[in-house]
Amino acid sequence: MVVARKSCESPAEDDVLMQTALFKQIPKPQAEQLLGLLKEYTLPKGSTIFRQGDTDQRMYLLKRGRVKLVRQSPDHRVQLLSIHGWGEILGEIPVFDPRGGPRTASAVVMVNNSQVAALEHDDLFAWLNEHPRVAIDMLQVLAGRLRANNERISDLVFMDVPARLAKTLIDLATRFGEPVEKGLMVPHDLTQEELAQLVGASRETVNKALMDFSNRKWISRKGRTIIIYHPGALIRRSRM
């Protein structure tokens, strides 16, 4: 069963920090100490939070909106790596590996009036010295990111494109879908090329799979929005 979380169902802004995977187990008074260290920004669609090659050591909390991580090759080809929604942490690697080199991707805002809060490396580690239990939660989150990356690599090796597309649509629906009368509306706001990059296939192959899903009445498409009529069918196809 796919449970969609409406975009309007994000918590009050001051509660976002407490509901992230990194900090949700921390008592509110301790978490509020960290709130005072955050620098908050409201950004328009298309703006960049951080760029590939930057050498800063900040971590970001997405309080509202949606952000995509993209990587550019030396010959200027662009690869969409992932999409992130409210309550998620961005750009944490330089914070925990400050000598590991510059950032390897750029974070681009997908929705107008997206809100992010920045936390400096020194501020975070000073706070961690007072609350070391949080470091265990951070390790769990980082391990989860590593597990997800390993799973994606495995999918690219063992799954065909329709299965990967079905899995991607279910993931987008679970995270960003909105229930409507006929099913789940997923306003992914991706170009055809970006959706193909997220799946890890050519645009032509992904479009062919989308047409097949549409012909089977599993989904319909309207611009940069997909309506999922039969999530169970997509789940079954993702497991074939």
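Contact here means heavy atoms within 4.5 Å. By that rule, and leaving aside neighbours within four places in sequence, leucine 37 is in contact with Ala118, Leu119 and Asp123. The model is predicted.

Leucine 37 sits in the loop between helix H2 (28-35) and strand E1 (39-43). Its relative accessible area is 31%. Buried means under 20% and exposed over 50%, so leucine 37 counts as partly exposed. One of its contacts, aspartate 123, is 86 residues away in sequence. In space, the two C-alpha atoms are 6.9 Å apart.

Aspartate 97 makes a second case. The residue is placed in the loop between helix H3 and strand E7 (106-109). Its relative accessibility is 40%, so aspartate 97 is also partly exposed. Leucine 210 lies 113 residues from aspartate 97 in sequence. The C-alpha to C-alpha distance of that pair is 40 Å.

## Two domains

The protein chain divides into domain 1 (13-133) and domain 2 (158-238). Their C-alpha centres lie 27 Å apart. Domain 1 puts 13 residues into the contact, and domain 2 puts in 10 residues.

UniProt, in an unreviewed entry, places the feature "domain: HTH crp-type" at residues 159-232. That span is 53% helix and 20% strand. Its end C-alpha atoms are 18 Å apart.

## Helix H5

Helix H5 covers residues 133-158 and has 26 residues. From first C-alpha to last, H5 reaches 38 Å. That is close to the 38 Å expected at 1.5 Å a residue.

Which residues of H5 are buried? They are Val134, Asp137, Met138, Val141 and Asp155. An α-helix has 3.6 residues a turn, so residues three or four places apart point the same way. The cover over the buried residues of H5 includes helix H3 (93-96), helix H4 (121-130) and helix H6.

## Nonpolar cores

The largest nonpolar core has 31 residues. Ile228 and Leu234 touch the most other members. Elements giving two or more residues include strand E5 (78-85), helix H6 (161-176), helix H8 (203-215) and helix H9 (231-238). H6 gives the most, with 8 residues. Domain 1 and domain 2 both give residues to this core, so the core lies between them.

Arginine 237 is in helix H9. Is arginine 237 buried or exposed? Its relative accessible area is 14%. The cut-off for buried is under 20%, so arginine 237 is buried. Beyond its neighbours within four places in sequence, arginine 237 is in contact with Asp160, Pro162, Ala163, Ala166, Phe213 and Trp218.

## Strand pairing

| Pair | Sense | Bridges |
|---|---|---|
| E4 (residues 66-72) and E5 | antiparallel | 7 bridges |
| E1 and E8 (residues 114-120) | antiparallel | 5 bridges |
| E9 (residues 178-180) and E10 | antiparallel | 3 bridges |
| E10 and E12 | antiparallel | 3 bridges |

E4 and E5 form a hairpin with 5 residues between the strands. There, histidine 76 takes a positive phi near 75°. Valine 67 has histidine 84 in E5 as its bridge partner.

E1 and E8 belong to an open sheet of 4 strands. The order is E1-E8-E3-E6, with antiparallel pairing. E1 and strand E6 (89-90) are the edge strands, and each pairs on one side only. Leucine 43 stands opposite serine 114 in E8.

E9 and E10 also make a hairpin, with 2 residues between them. Proline 179 stands opposite leucine 184 in E10.

Key. Residues are numbered from 1 along each chain as its sequence is written. This is a predicted model: local features need pLDDT of at least 70, side-chain atom pairs count only at pLDDT 80 or more; totals for chains, interfaces and linings use all residues. Side-chain values use heavy atoms; hydrogens and water are left out. UniProt positions are given in the numbering used here, feature names are shortened, and annotations may be inferred rather than shown by experiment. A nonpolar core is a set of buried Ala, Val, Leu, Ile, Met, Phe, Trp, Tyr and Cys residues joined through side-chain atoms within 4.5 Å. Buried means under 20% relative accessible area, exposed over 50%, partly exposed in between (1.4 Å probe, protein chains only). Domain bounds come from an automatic or database domain assignment. Two strands pair if DSSP finds at least two bridges between them. The expected span of a helix is 1.5 Å times one less than its number of residues.
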